[in-house]
Amino acid sequence: MTVGFETQLAWWSFGPVTLSRVEPAGVSLPRGERSGELSLLATPRPVTFVWQDHDAPRTLHVPLGELGLSAATVGRAAPRLAASPLHRLVARHVRDLARDADVLSATPSADALGRVCVDLVRALLVSAAGEEPALITQVQTHVRRHLGDPGLSPASVAAALAVSPRQLYRACAAADVRLEQWIITARLAAARADLADRHLPIAAVARRWGFKDPTHFTRRFRAAYGVSPSEWRHRQ
């Protein structure tokens, strides 16, 4: 016999990440984890976490490309999240985000909160996977802090971190990170979030995130998302 039931789906956008909640009407879903713990539900794109609460579970969806980690690293971390000393910190962050999602997702800081999520999740996964947050983490931190710099490049990153380009590329290869593509992907994601503000000219958004040529920005945006920046803005 098949038993049907209605569900209520709620979701909130925080820049690069999405928080969602599924509430079954009149049905108790089984809980596989203890309340207050994070579990990694799946490791494809995006990386999806489940946070178990006393009511409906929340899921946090983080695009793998935003993390700058290999699928192998995520896979190693999946069964070890609770053993990481960062687990409680990240779980509290997700809990607080879920508790006040309606208010927080409507604030101008929603995108920044999402980027905090990305940084915390990355640190948790690296820790749970048993990897040292060595050079690759320094690279990713530096890139995120300088995304708007049009001069950001592998050469500038290597110089800022006082390593040779060869060391830089070796660290990126070990983490399965294509640095140039990761920089472009992160810039486009940040620009897409800003395009929701219709008061900002598209050319200004492009410059803010390191694209000196608006035509180049439009071409890259269309290649990544299938529409031009103006078309994407019109659909919002």
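Reader: Where does Ala162 lie?

Author: Ala162 lies in the loop between H7 and H8. Helices here are DSSP runs of H or I with at least four residues, strands are runs of E with at least two, and both are numbered from the N terminus. The model is a predicted one, in which local features need pLDDT of at least 70, side-chain atom pairs count only at pLDDT 80 or more, and totals for chains, interfaces and linings use all residues. Residues are numbered from 1 along each chain as its sequence is written, and side-chain values use heavy atoms, with hydrogens and water left out.

Reader: What is the value of phi at Ala162?

Author: Most residues other than glycine have a negative phi. In Ala162, however, phi is positive, near 55 degrees. Ala162 counts as exposed because its relative accessibility is 68%; exposed means over 50% relative accessible area, buried under 20%, and partly exposed in between, with a 1.4 Å probe and protein chains only. A positive phi, near 60 degrees, is also found at Asp176, which follows H8.

Reader: Which residues of H8 are buried, and which are exposed?

Author: Leu168, Ala171 and Cys172 are the buried ones. They fall on the same side of H8 because they cover an arc of only 100 degrees around the axis, the arc being that of the directions from the helix axis to the C-beta atoms. The other side of H8 carries the exposed Arg166, Arg170, Ala173 and Ala174. H6, H7 and H9 are among the elements that cover the buried residues of H8.

Reader: Which residues touch the most other members of the largest nonpolar core?

Author: In soluble globular proteins, nonpolar side chains tend to be buried together. A nonpolar core is a set of buried Ala, Val, Leu, Ile, Met, Phe, Trp, Tyr and Cys residues joined through side-chain atoms within 4.5 Å. In the largest core, of 33 residues, Val139, Val143, Leu168 and Leu179 touch the most other members. Helices H6, H7, H8, H9, H10 and H11 each supply at least two of its residues, and H9 gives the most, with 8. Leaving aside residues up to four places away in sequence, Val139 is in contact (heavy atoms within 4.5 Å) with Val157, Leu161, Leu168 and Leu179. A second, separate core has 30 residues, including Leu69, Ala77, Leu125 and Ala128.

Reader: How many salt bridges are there?

Author: Side chains of opposite charge can pair when their charged atoms come close. A salt bridge is a side-chain nitrogen of Lys or Arg within 4 Å of a carboxyl oxygen of Asp or Glu. The count comes to 8. Among them, Asp194 pairs with Arg208, the closest N and O atoms being 2.9 Å apart. Asp194 lies in H9 and Arg208 in H10, so this pair ties together parts 14 residues apart in sequence. Elsewhere, a network of salt bridges links Arg95, Asp96, Arg99 and Asp100.
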